[in-house]
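Which strands pair, how do the helices cross, and where do the domains and chains meet?

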Amino acid sequence: MPEGGIGASVKRKEDFRFLTGRGAYTDDEVRAGQLHAHMLRSPHGHAALGSVDTSKAEAAPGVVCVLTGPDADADGLGGLPCGWGITSKDGTPMVEPKWPVIAQGKVRYVGEIVATVIAETAEQAADAAELVEVDYRPLDAAAVTETAHRDGAAQIHEEAPNNLCFDWDFPGEEAAEAVDAAFEAAAHTARLELVNQRIIPHSMEPRAAVAEYDKGEEKLTLYCTAQAAHAMRLLLGAFVLNQPEHKFRVVAPDVGGGFGSKVAPYAEYAIICWASRKLERPVRWLGQRTECFVTDAHGRDHVTEVELALDAEGKFTGLRVNTVANMGAYLSAFAPLIPTFLYATLFAGQYTTPAISCNVKAVFTNTSPVDALRGAGRPEATYLLERVIDEAARATGIDPVEIRKRNFIAADAFPYQTPVALLYDSGSYERALDIALEKSDWNGFAARRSASEADGKLRGIGIAAPIEATGAAPSAIAGQLGARAGLYESAQVRFNATGTVTVFAGTHNHGQGHETTFAQLVTDKLGVPLENVEVVEGDTDRAVMGMGTYGSRSLSVGGSAIDRAMDKIIDKGKKIASHLLEASVDDIEFDSGTFTVSGTDRTISIGEVAFAAYVPHNYPLEELEPGLDEQAFFDPVNFNFPFASYVCEVEVDPETGSVSVERFTAVDDVGNIVNPMIVEGQVHGGLAHGIGQALMEGAVFDENGQPLTGSLMDYTLPRADTVPSFDLDHTVTPCPMNPLGAKGVGEIGAIGAPPAVVNAVVDALRSHGVNHIDMPVTSESVWQALQSAKAS
Amino acid sequence: MYDFNYRKASSVEDAVSAVTGAEDGRFLAGGMTIIPTIKQRLANPSDLVDLAGVGGLTGISVSGNTVEIGGMARHAEVNASSEVAAAIPALARLAGGIGDPQVRNRGTIGGSIANNDPAADYPAAVVGLGATVRTNRREIAGDDFFTGMFETALEPGELVTGVSFPVPSKAAYMKFPNPASRYAIVGVFVAATSGGPRVAVTGAGPCVFRVAEMEQALAGNFAPEAVADIKIGDDDLNSDIHASAEYRAHLVTVMAKRAVAQANG
């Protein structure tokens with residue numbers, strides 16, 4: 001068996017090209033005769049849009065054309081589509097206003113495109129954009145999540161009274177009644193009002209696109225920063241551009257990070273495709289960092305009231321959640337899914353709470369649209385749950401560890417049906433928590449707190465026990481819940497004649513390490529050396545229709561599709577081997593790259609079988625087609641459910657309010673692990689992201705919808721010196737729902753870290769009378785909380 | 001970025017004549033503010049006159065009780081200078097805390113003080129040490145140099161050639177950085193100088209300022225407790241998404257106290 005199979009921490013195959021500047025990104029796609037697009041964007045959060053006079057810009061040097069909203073209408077462009085529909089509690093569908101690719105009649109957020117200038121150079125396009133005369137009439141804005149749906153708020157879309165997109169109850173009336181009964185009978189209750197603040201995705205590589213229309217072939221090619229090339233093609237082609245799928249190629253080459261923000265089809269991509277088709281020249285656009293800040297889909301932005309009912313023993317008996325979720329000015333592709341089925345379905349967490357209900361009001365505001373961002377709904381759910389549990393621990397006087405243990409779903413209770421639709425397949429929650437407590441030296445905390453106090457500091461410790469649902473599935477159920485796309489994944493495993501393997505996958509690698517991990521699957525199962533396996537993703541002309549990479553689905557869904565395709569390879573290989581070895585196919589065994597006639601020493605390698613398949617001189621052509629090239633689709637029967645236990649320890653400087661994360665212990669269970677090094681990297685990234693949300697990140701808009709965090713000078717990201725060295729461990733509870741036993745890992749850190757950090761901060765401040773503090777927990781917010789507590 | 005003329009000056013005189021002769025000329029020192037501003041199309045100078053090749057503007061020297069730093073000395077050079085570290089360790093540390101390594105290897109002391117960003121670090125040292133700013137035309141007392149937000153006593157065509165820092169008996173700079181930009185939300189420079197204690201505050205207000213009440217208290221007792229209870233008013237302080245005026249006022253006291261403690265070693 002070659003080295004580098006499942007379980008090996010092999011170094012990433014793709015890193016050589018990334019680390020030596022040989023990566024090929026969208027902006028590296030240079031085309032002869034290319035034009036450059038510049039997007040003129042609204043400086044207003046809300047304004048009536050009068051005339052857009054492009055005459056001076058059109059006359060400027062190098063300008064080829066200037067496109068406006070009416071031009072898009074005249075050419076029959078559709079609006080940007082939404083990929084998930086939600087039904088309100090009164091049975092009406094969500095309000096889904098048209099999102100034109102270029103604004104028409106009104107602008108509804110700062111950054112909305114009002115005109116596109118196409119010129120010979122990027123500088124000429126930018127210069128000419130300043131000559132476009134736009135008649136804005138500023139309007140009152142509704143930019144605040146909590147108040148946007150109240151009477152008197154400015155109205156953003158005519159068809160959405162009170163800016164309400166949907167008003168959703170889940171799971172339904174019966175559950176709400178059960179929750180009411182639980183609260184009536186409760187011995188204790190805990191309640192929190194909390195904000196899960198809006199955060200902005202930050203990829204190393206800004207969004208970019210290059211479109212090239214070939215009039216001869218009537219074929220459009222779009223290179224862009226996409227996480228899901230086929231979905232991009234489907235949504236842009238069918239809904240916006242009216243470009244047939246067979247005449248539309250979307251390529252997502254190397255992409256420098258996505259975090260969910262590169263899934264949705266964006267207006268810029270549609271515009272440059274349209275312009276290229278119109279002008280018959282290649283057109284390119286490269287987002288500037290300042291554009292990323294206002295146009296890459298933001299994440300989170302919930303205002304929530306959560307209440308937990310408990311019996312006298314501290315068992316959770318009911319959970320009630322009321323949330324206002326900010327959609328931004330328009331519905332981005334998966335925005336409605338996030339505060340609904342990716343959110344409320346997680347309210348059971350790792351616990352046996354029997355009655356759960358919630359109401360979610362989704363509102364439009366004069367802010368950038370939101371969509372998936374690392375975790376997408378699950379961080380919001382986990383945060384409110386793990387925070388209210390700590391509040392319940394305080395209210396009941398039960399230790400935060402003990403109260404969790406009293407309520408965990410027992411390891412022998414799986415499969416476990418939660419009251420919020422999900423059927424958990426497996427879990428062993430107490431074991432993970434016990435390991436985390438041990439590794440974090442939970443029992444030694446008192447001594448460390450004393451040492452901090454001697455130094456004038458406050459020290460706190462916090463736990464979070466997150467669960468998440470990854471690899472969303474199955475397609476049939478998702479369809480019933482409002483999905484407008486499938487949730488399977490595809491793969492094609494192709495042996496080349498000389499025995500090397502090319503894997504075509506419908507997923508996309510933008511930091512996850514697929515080129516290595518997927519190759520390891522092939523090495524492990526087919527015995528082909530790692531260096532002889534190539535993974536190809538992100539090209540609709542090369543890979544079969546796949547759904548892309550998001551929601552921590554690539555290994556559990558896409559990897560399983562590869563596994564299925566390899567099963568087909570082995571099946572066919574056995575038939576070829578049986579012919580070559582002159583034995584019955586039933587007697588052929590396959591292991592570690594070798595076919596053997598059972599009970600004999602007659603063998604043939606899979607490489608020789610592949611050669612015979614492509615050079616079929618001695619081959620059963622009457623019964624079997626030549627070639628060794630198989631494809632498979634995998635549509636899982638269920639989500640999979642990674643879980644973790646995190647322990648965070650912080651130190652607070654009470655004079656300044658500064659918080660530093662001193663220790664962070666993470667015990668994750670992501671099922672079977674293919675490459676432990678890559679998994680650790682994913683956990684590190686997720687934890688840093690979560691610590692960033694807890695302590696630093698936050699998009700701020702003023703009441704007019706003006707973004708106040710428009711650059712990295714004002715928006716704080718976590719850095720190497722603001723996150724601790726993580727102490728990681730894992731348990732392995734294989735997922736029974738896919739052939740690899742794998743679960744997702746890309747998001748769990750970002751889901752579990754925020755409540756762990758905030759619980760630790762509140763623990764540090766508790767002795768000063770502080771029982772809650774909202775994210776981001778900045779030094780001033782801590783100082784103000786201490787001041788208020790002192791005053792009262 | 002708009003187009004502009006780039007000129008590399010060969011001498012101070014050449015630089016000054018290039019700037020004054022241009023329609024809207026600007027000196028280019030490290031470019032840590034002007035270049036990003038131009039890139040964002042927020043500035044549109046006709047000419048940038050690069051000082052990098054001008055002789056006599058670089059270098060760091062210590063003679064007697066004075067540290068001389070050339071206007072084009074990079075922050076990283078000041079930070080790494082053993083002479084500065086021996087004479088005014090607080091100044092070397094301050095330079096090492098500006099921005100990030102890229103900024104410290106490009107940014108210059110002359111550029112920093114001429115720009116007079118209200119949250120920049122160097123103005124606190126210039127005022128806190130009672131330094132003298134040397135230009136191509138004159139010497140300007142540090143106390144008179146910074147006149148308002150992004151405003152200085154420099155006249156058109158006047159160029160910072162260097163800064164002379166008198167060596168204090170002790171000094172320290174304590175910064176509470178903006179977590180995003182790492183500029184000072186509040187930075188306090190304290191020094192025991194031959195002319196008495198100095199307390200200079202950057203970041204908190206529209207321009208660096210001294211705190212007379214703290215200086216008087218330190219004159220009697222150069223100890224943290226002398227300033228620990230002195231609160232400054234927040235009426236004229238900055239207030240933004242990073243820190244309210246009230247919080248900044250509080251931080252001035254905390255940073256002053258800590259700076260004194262550090263100065264006392």
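**From strands to chains**

In chain A, strand E2 (residues 47-53) and strand E4 (residues 106-107) are paired in the antiparallel sense, with two bridges between them. The model in which this pairing is found is a predicted one. Within the pairing, A:Ala48 stands opposite A:Lys106 of E4(A). E2(A) also has a link to strand E6 (residues 133-138) of chain A; these two run antiparallel and are joined by five bridges. Here A:Ala48 stands opposite A:Arg137 of E6(A).

Three strands make up an open sheet in the order E22-E23-E24, with antiparallel pairing. Strand E22 (588-591) and strand E24 (603-605) of chain A stand at the edges with a single partner strand each, so one side of each has no neighbour in the sheet. From one strand to the next, the twist averages 25°. Strand E23 (residues 594-597) of chain A pairs with E24(A) over three bridges in the antiparallel sense. One of the residues involved is A:Phe595, whose bridge partner in E24(A) is A:Ile604.

Helix H15 (residues 554-580) of chain A lies across E22, E23 and E24 of chain A, and its direction is at about 125° to E22(A). Helix H16 (residues 606-614) of chain A lies across E23 and E24 of chain A, running at about 70° to E24(A).

The next step is to consider helices that meet other helices. In general, two packed helices are described by the angle between their axes and by the distance between those axes. For helix H6 (residues 229-241) and helix H7 (residues 267-279) of chain A, the axes come within 11 Å and cross at roughly 65°. H6(A) and H7(A) are therefore roughly perpendicular to each other. Their crossing is right-handed. From H6(A), the contact is made by A:Leu236, A:Val240 and A:Leu241, and from H7(A) by A:Tyr269, A:Ala270, A:Cys273 and A:Trp274. By class, this contact has seven nonpolar residues, no polar residues and no charged residues.

The axes of helix H9 (residues 378-396) and helix H18 (residues 748-765) of chain A come within 8 Å and cross at roughly 30°. H9(A) and H18(A) are therefore roughly parallel to each other. H9(A) passes H18(A) in a right-handed crossing. On the side of H9(A), the residues that meet H18(A) include A:Arg378, A:Glu386, A:Arg387 and A:Asp390. On the side of H18(A), those that meet H9(A) include A:Ile751, A:Pro754, A:Val758 and A:Val762. The residues of this contact divide into eight nonpolar, three polar and four charged.

Chain A is divided into domain 1 (15-20 + 488-634), domain 2 (33-135 + 203-258 + 262-295) and domain 3 (302-472 + 638-791). Taken over C-alpha atoms, the centres of domain 2 and domain 3 of chain A are separated by 36 Å. Where these two domains touch, 24 residues of domain 2 of chain A are in contact with 21 residues of domain 3 of chain A. On the side of domain 2, helix H8 (residues 289-295) of chain A gives the most to this contact, with four residues. The residues on that side divide into 15 nonpolar, seven polar and two charged.

Chain B has a domain assignment of its own, with domain 1 (5-50) and domain 2 (60-263). The centres of these domains of chain B, taken over C-alpha atoms, are separated by 26 Å. The contact takes 11 residues from domain 1 of chain B and 15 residues from domain 2 of chain B. Helix H1 (residues 12-21) of chain B gives the most to the domain 1 side, with five residues. By class, that side has seven nonpolar, four polar and no charged residues.

Finally, the two chains meet each other. In this contact, 11 residues of chain B are in contact with 14 residues of chain A. Helix H12 (residues 245-263) of chain B provides the largest share of the chain B side, three residues. By class, the side of chain B that touches chain A has eight nonpolar, three polar and no charged residues.

Key. Residues numbered from 1 in each chain as written. Chains lettered and ligands numbered in written order. Predicted model: local features only at pLDDT ≥ 70, side-chain atom pairs only at ≥ 80, totals over all residues. Domains from an automatic or database assignment. Contact = placed C-beta atoms within 7 Å. Nonpolar A, V, L, I, M, F, W, Y, C, P; charged D, E, K, R; others polar. Axes fitted to C-alpha atoms, helices over the stretch in contact; angles between N-to-C directions. Parallel < 35°, antiparallel > 145°, perpendicular 65-115°, else oblique. Left-handed = near helix turned anticlockwise from the far one by under 90°. Pairing = 2+ DSSP bridges.
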